Amino acid sequence: MRFLPLAFLLAVASAPVIAQDKPPAPEPLPTAIVLAVQDALIWTGDFDGIADGKPGPAFAAAVKQFQTREAKPVTGTPTPGDMWRLSQIVDEAKKSADWRLEIDGPNDVVLGLPRGLLPDASRNAEGRHFQSSDGTAQLQIFKAKGDLASVHAAAKGKAGRAVNRAELKGGRSLVAGTDGQSGFVDFATGPKGKVKGFRLTYPVGQIGRFVPAAIAISNNFYADPTARPSEKAPRAAPSFDGAFNAPEKGRLYPFATVTAQEPQAQITLGPVSARLTARKVEDPDMADFFDPILEIQVEGQAVLTVEDKDRQTQDAGVRAVELDPTNGLPEVLLTTFTGGAHCCTTLTIFTVRTDGSWARVDAGDYDGAPDFPQDVDGDGRYEIVAPDNAFYYAFDCYACSYAPDKIERLDGDTLNDVSARPEFRKVFAQWLPPTWAYAWAEGAVSGNGFLPALVAASRRIGESEDAWTFLKAHYDKNNDTGIEGCSFPLGDNGCPPDKIVKRTYPEAVETFLREQGY
């Protein structure tokens, strides 16, 4: 055995100890991200508590369970990779369950609901009622007269029930168990005299489907939907924004952009090629601006060149995508950004006619920079999808306004609004829940800029009665933006004073929605 010299050992023992800096503690996750993780873990079956945005022991245990199943490092703290995976899972789960926003107007309740499990809706003396196609699972919304404790006690003590879970905390009551061959979940929340909730019954053999669904519903149950947030109790909506760097969304069609610094791009789809060139503007005060020049070729032969000298821009894009399969060739889309407040992407579509010539379709200006072509119904034919600009400023300020999507389809050289077609209902059904959650967190669900969008999207789905009841009960009567009408055709000078018509807000919204095709 080789021994170290004693002098060396003494030197080591007497050497000063150098303090090692501890690695900095990770930054706490924002409340919105914690809410999003909790929400997702409910759908994975790993979390069955209150989604409150607070990472505690139950949250860490649920994360560990998810990480173990996904064969990830088990830490109890979600990594960006974990959250990316959770975001994918929850998106697909909600689509599969047909997760929707539902409103019970008379009870003044708003909730999220998996209509894939409970597709049939009706109304009775208690409130709205939902059930499975075979009637074996049922959910009833109710309003109770007593306080939350008495409602909780009644749910626990109901004859014939075997209760395996009973919680009364955080202003919420949840009682679950079995009653003969049925499972049940009773949920309630709210102050005395305003207690509201739901009762869910289901076949006991389907506990794995319905209990997670009940937890998700309870965490998306708004018993006092228009209560405004306070500075001491700010709200957040579940959001993975900032949680990870998402891989760039792949497009299923050719796409390219040009700038003054990268002035040329070319794309090809089948026999059609399109070259976009940025020709710099000579004005030295507009160094980054250019005129877009678009050249289209079919099988190597030039068929169209477009120079828009009045369309000077700092950003332009070109896409080749199938908008109208009846003409045999894909369409070419040119986009330019106008700049300016809240504005605007200008879209022009080039499509071939039956005689071989190319038509120009000026689709107009769109707010922001939407990713226009989407194959919404999965039939291989792309639609133009973007927020309906008509809603901005209609009844409130721009930032206070909400807008459902507008879906347009190219037929020949005409762009038609097809938003009302049944095959596109899912677009609006999927738009409502996150939009509501965001508006609720902002205290905007009773705002006059939000309510028209709520009713419009509900009409697209075919269930607007309760949304209209909600609008009439909660609109801001002190905001008169957009309520004046005109009984005379409007000209450049506006409405003559003697032709101005005073309307109520519901009357103005109804007129607006009818004029916009809702």
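Reply: C397 and C400 form a disulfide, with their sulfur atoms 1.9 Å apart. The criterion is a pair of cysteine sulfur atoms within 2.5 Å. The torsion about the S-S bond of C397 and C400 is about 75°, so this disulfide is right-handed. By the rule used, the count comes to two disulfides.

The model is predicted: local features need pLDDT of at least 70, side-chain atom pairs count only at pLDDT 80 or more, and totals for chains, interfaces and linings use all residues. Residues are numbered from 1 along each chain as its sequence is written, and side-chain values use heavy atoms, with hydrogens and water left out.

Next, confidence. Mean pLDDT (the predictor's confidence in each residue, from 0 to 100) is 90 for the chain, and 93% of its residues reach 70 or more. Over residues 1-18 the pLDDT is below 50. Beyond near neighbours in sequence, that stretch has one contact in the model (heavy atoms within 4.5 Å).

Now a helix pair. Helices are DSSP runs of H or I, at least four residues, numbered from the N terminus; strands are E runs of at least two. The axes of α7 (residues 425-441) and α8 (residues 451-461) come within 8 Å and cross at roughly 140°. Axes are lines fitted to C-alpha atoms, for helices over the stretch in contact, and angles run from 0 to 180 degrees between N-to-C directions. In α7, the residues that meet α8 include F428 and W431. Among their α8 counterparts are L454 and I461. The residues of this α7 contact with α8 divide into eight nonpolar, one polar and two charged. Ala, Val, Leu, Ile, Met, Phe, Trp, Tyr, Cys and Pro count as nonpolar, Asp, Glu, Lys and Arg as charged, and the others, Gly among them, as polar.
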